[in-house]
Amino acid sequence: MVRAIRGAIQVDANDRDSIVAGTTELVSAIMERNQLTTDDVISVLFTATPDLTAEFPALAARKLGFHEVPLICCTEIDVPDALPRVVRLMAHVETDRPRAEIQHVYLRGAVALRQDIAQ
């Protein structure tokens, strides 16, 4: 079955190291908690808040071995008073897990974005 997995992390700063480290933490947690390999991943959409411009979040996925997985990065809508410095993702994966067992991952300050599904 094809499932979509959501996740987000608030990074420390608008610099390359913070964006790559935060995105690595997020992608690794999603893969681990959902028992996935890169072969299970169909594609990943990354978004970043407009205040994150120092690096593409997809670079972290490439460094984790997502060489043959289609990745795309977008800038989010600039909403007043939105949580700053957030990288979000939606991964489309193949898995036998029922929808209720998919673990969506929200880390650091991004937990506040979706307390209803954050794990």
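The legends below describe several close-up views of one predicted model. Residues are numbered from 1 along each chain as its sequence is written, and side-chain values use heavy atoms, with hydrogens and water left out. Because the model is predicted, local features need pLDDT of at least 70 and side-chain atom pairs count only at pLDDT 80 or more, whereas totals for chains, interfaces and linings use all residues.

**View 1**
Five strands form an open sheet in the order β3-β2-β4-β1-β5, with mixed pairing; strands (E, at least two residues) and helices (H or I, at least four residues) are DSSP runs numbered from the N terminus, and two strands pair if DSSP finds at least two bridges between them. The edges are taken by β3 (71-75) and β5 (105-107), each of which has a single partner strand, so one side of each is left without a neighbour in the sheet. From one strand to the next the twist averages 15°, where axes are lines fitted to C-alpha atoms and angles run from 0 to 180 degrees between N-to-C directions. Strands of a sheet pair through backbone hydrogen bonds, either parallel or antiparallel.

**View 2. Two parallel pairs.**
Strand β1 (residues 2-10) runs parallel to β5 and is joined to it by three bridges, and the bridge partner of Gly7 in β5 is Val105. Strand β2 (residues 41-48) runs parallel to β3, with five bridges between them, and here Thr47 has Cys74 of β3 as its bridge partner. Together with helix α2 (residues 58-63), β2 and β3 make a right-handed β-α-β unit; right-handed means that, with the strands pointing away from the viewer, the path from the first strand over the helix to the second runs clockwise.

**View 3. The largest nonpolar core.**
The largest nonpolar core has 27 residues, and among those with the most contacts inside it are Leu26, Phe66 and Leu71; such a core is a set of buried Ala, Val, Leu, Ile, Met, Phe, Trp, Tyr and Cys residues joined through side-chain atoms within 4.5 Å. At least two residues of this core are supplied by each of β1, α1 (16-33), β2, α2, β4 (86-94) and β5, and the largest share, six residues, comes from α1. Leaving aside its neighbours within four places in sequence, Leu71 is in contact (heavy atoms within 4.5 Å) with Val44, Phe46, Ala58, Ala61, Arg62 and Phe66.

**View 4. Two threonines, Thr23 and Thr37.**
Thr23 lies in helix α1 and is buried, with a relative accessible area of 0%; buried means under 20%, exposed over 50% and partly exposed in between, with a 1.4 Å probe and protein chains only. Beyond its neighbours within four places in sequence, Thr23 is in contact with Phe46, Pro57, Ala60 and Val87. Thr37, in the loop between α1 and β2, counts as partly exposed at 44% relative accessibility.

**View 5. Positions listed in a record.**
The unreviewed UniProt entry lists Arg6, Arg88 and Tyr106 for "binding site", and such annotations may be inferred rather than shown by experiment. Although spread over 101 residues of sequence, these positions cluster in space, with a largest C-alpha distance of 8.8 Å.
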